[in-house]
Amino acid sequence: MSMLAVDRLTVAYGPVTALDDVSLAVPEGGITAVLGANGAGKSSLLRTINGLVRPKAGRVSLAGADITRLAVEDVVRRGLAHVPEGRGVIVELTVEENLRLGGLARRNGGEPDEAADRVYTLFPPLAERRKRLAQTLSGGERQMLAIGRALMSRPRVLLLDEPSLGLAPRITAEIMGVVRGLRETENLTVLLVEQNARSALSIADRAVVLNVGRVVADSPASELAADASLRHAYLGF
Amino acid sequence: MERFVNLTLSGVTTGVIYAAAALALVLIWRSTRIVNFAQGGMMMITSFVAYSVLQASDSYWLALAVALVAGFLLGAVSERVVIRPVENAPPLNAVIVTLGLLIFLQAVAGMVWGGEPRSYPFAFGIQGFEVGGMTLLFSSSDLFAVLAVVVVMALLTLLFRGTSIGLRMRAAAFAPETARILGVRVNRTLTLGWALAAMVGALAGVLVAPATFISPNSFDPILVFGFAAAVLGGLDSPLGAVVGGLTLGLLLSYLSGYAGSEVVTLGALVVVIVVLMVRPEGLFTSTAGRRV
């Protein structure tokens, strides 16, 4: 059974259709990349999965349970954490407060301090800056904080929206490495939205390509990376 | 010198009350981006409630406690019933709704308590303290007012900085969508924010009532002073509200002492205009300058 399944999802903002009959599935412990140009519907997909946007039709399920109509505040309590685009750290709060906030909607208990320690181990730069305002962090550190904060809720599924946006390739590789490590150590399921197809394909096992709200390809990441015509048409490399 | 000391002391006393009124406005502004024009009306209702409890029980402390609880409930109910529908609407809608709420509250007060001003007692005596043969314009009631506001500020700071409810409220105020993604029920934090704001307002109302008396319109000037203090401190900053309130209290006290009491309201408005012209973001603020 899929950990996360999206079934024939259609989303419209007024007359504009953002997603048109989109289906995809991520198995437990899988990393699926959603690729496509700006405006392809990638962020809409994540925002619909997590409950911020209501779909016109279709269904989202998490570990077999229908979560389509759940509010975003409840979805996180079911074990689905979202790292929003542009990192979304709250710059007026300290690193520590951002993490504490992420731990407030924790799934099945556990000590929040333990969870924070784990994040500091994963991302050592955060440990040195725990009392600082998030405002003072670099782009890469903010991305680490956003991911770390999502991990505080002990999610089963992590939605990552454009984690490489505006980051140096070295930092991007470091962050992707941590995400891959989380899959290996905790069997975390990841749905990764990226414009940077090359870096996403480096860690994904499966890739879905969106174009103007429709799925135009859904295949193992290695096959997609090898398909020159598809790459040229939709991914620009 | 004696005059200066006394003007300073009375400036501090009125300043803390302005600070409390400003804090009520700031708590609401920073979470909902709404200037609560009904604040004066809410303070008036809770003061009338305190007046009625006082009449019935003859206990200042019971009246104060009931006023605070009434403020909490009035704030929560106002948010749920009239503010929630306009929270995501254009800002002007909220302005009209809070003005409408003000008129509604004043009308209700007129029906229940009548239009005649009612007097309200001080907490303790009004005999000024004697220091070195000089009688200060600072009584035990004034001391109580200052301490009460200081304690409320300290409790609010503790709530915001030291508890997870406070963390949720701050997150919801700074970044509502991100807060929701992290599981914060932003609707609840907004209700709680209005409730706390109205409770702080209720305290300000009871403290200022002996000076203003209580009638349906008697707290309108306090809204002007509270707003001036909030703008001076930066509408976003609780600390700014406190500093703004004290600064304004002192400024207006000197103005009234040296230039005449008739220019005090004018002085408050001049402060608003000068701040908005020179430093629109206020003295303390966590965000960039507002466009005005």
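This is a predicted model: local features need pLDDT of at least 70, side-chain atom pairs count only at pLDDT 80 or more; totals for chains, interfaces and linings use all residues.
1. Make-up of chain B. Eleven helices and two strands form the secondary structure of chain B. Read from the N terminus, the order is α-α-α-α-β-β-α-α-α-α-α-α-α. Chain B is as compact as a globular protein of its length, because its radius of gyration of 19 Å is close to the 19 Å that the globule rule gives for 292 residues. Along the principal axes, the C-alpha atoms of chain B fill a box of roughly 65 × 45 × 35 Å.

2. Contacts along the chain. Of the contacts in chain B with a separation of 6 or more, 71% are between residues 24 or more positions apart.

3. The core. The largest nonpolar core contains 166 residues, and B:Ala19, B:Ala20 and B:Val200 have the most contacts inside it. Helix H8 of chain B, residues 186-212, supplies the largest share of this core, with 17 residues. In soluble globular proteins, nonpolar side chains tend to be buried together.

4. Around B:Ala20. Which residues does B:Ala20 contact, leaving aside its neighbours within four places in sequence? They are B:Val149, B:Val152, B:Val200, B:Leu203 and B:Ala204.

5. The strand pair. Strand S1 (residues 128-131) and strand S2 (residues 134-139) of chain B run antiparallel and are joined by three bridges. B:Glu130 stands opposite B:Thr135 in S2(B). The hairpin of S1(B) and S2(B) has two residues between the strands, and in this hairpin B:Gly132 takes a positive phi near 55 degrees.

How values were computed. Residues are numbered from 1 along each chain as its sequence is written. Chains are lettered from A and ligands numbered from 1 in the order in which they are written. A nonpolar core is a set of buried Ala, Val, Leu, Ile, Met, Phe, Trp, Tyr and Cys residues joined through C-beta atoms within 7 Å. A residue is buried if 20 or more other C-beta atoms lie within 10 Å of its own, exposed if 12 or fewer, and partly exposed in between; C-beta atoms are placed from the backbone. Helices (H or I, at least four residues) and strands (E, at least two) are DSSP runs, numbered from the N terminus. Two residues are in contact if their C-beta atoms, placed from the backbone, lie within 7 Å. Two strands pair if DSSP finds at least two bridges between them. The radius of gyration is taken over C-alpha atoms; the globule rule is 2.2 Å times the number of residues to the power 0.38.
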